[in-house]
Amino acid sequence: MAKRFHDTGIWQKQWFRKLPPDQKCFVSYLFDSCDNAGVWDVDLDAASFYIGSEIVDPRKWLPNDFTIIEISPDKWFLPKFLKFQYESGLNSNKPAIKSVRNLLIKHNLTVIVNELYGNHYLMISESLSNDKLIIKDKDKDKDKDKDKDKDKDKEIKGGVGEKEIAHPRAKCLMKNSGLTTDEVKEMIRSTPDLAENTPDADYYFNAALDWSNANSEMKADWLATIRNFIRRDLKEGKIQREKIPKIQRDWHEQERIRQEADAIIGPLLTKQKVET
């Protein structure tokens, strides 16, 4: 029995929430019945039988961004399935990924997938004599693939010093970014305008995670996204502050007052000493 990822955030999407029960069932049926490349052998009679209600052509009631590509009258391709199941792309030598690539070649979908998601998702190298496309053989680059996610490369500039060149990051859901609450807390501590307002790192981490899951939002830098969330709340006066004990809050307040007093009185005392 095949096991696949299921989008739990679909229940928060307005278009899905407004569907009647039989159409909700069909969406799940569609993703469960297609092959590993997202191609479904069109059989509305079978769908109606299993669901227990007559299903009309879903292209008439699914939202516009729920793309269905008709390969032939009896085969439909679901790009959303492919992208959701294989977020990291199809440039891998794992047997499961190879089988998906073979299905895409069989269905003549490699060009369509490449146009939709780019070379970083599906690398295509050359055309064959029969006009089908093959996937770039990455076995020769195995060592390079192992190293591409290592530490940033360093480049010497004019003999003066070293400048780190960061590899471009691909967009991903926050849950797949590897970001932790500790990293969010460190970002807050090292950002002066945020640190002095003591935002709740756990709150903003989970708020961004829920937002990403519910809306399938993908970002290349989730830490920067969370920083922008906090600054937006600061600007709008609805910052969620860290819940700290009263003793610590009092200490922070006293320290803030002391620093403000030093900033005002310090220069006056220095000037008085100079004049005397």
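**Exercise 1.** In which crossing, left-handed or right-handed, does α8 pass α10?

*Solution.* A quick note before we start: this is a predicted model, where local features need pLDDT of at least 70, side-chain atom pairs count only at pLDDT 80 or more, and totals for chains, interfaces and linings use all residues. Numbering runs from 1 along each chain as its sequence is written, and side-chain values use heavy atoms, with hydrogens and water left out.

Step one: find the helices (DSSP runs of H or I, at least four residues, numbered from the N terminus). Helix α8 covers residues 181–189 and helix α10 covers residues 201–215.

Step two: get the geometry. The two pack at an angle of about 120°, with axes 9 Å apart. That makes α8 oblique to α10, since 65 to 115 degrees would be roughly perpendicular, under 35 roughly parallel and over 145 roughly antiparallel.

Step three: α8 passes α10 in a right-handed crossing (the near helix is turned clockwise from the far one by less than a right angle).

Step four: list the contact (heavy atoms within 4.5 Å). T181, V184, K185 and I188 come from α8, while A201, D202 and F205 come from α10.

How values were computed. Axes fitted to C-alpha atoms, helices over the stretch in contact; angles between N-to-C directions.
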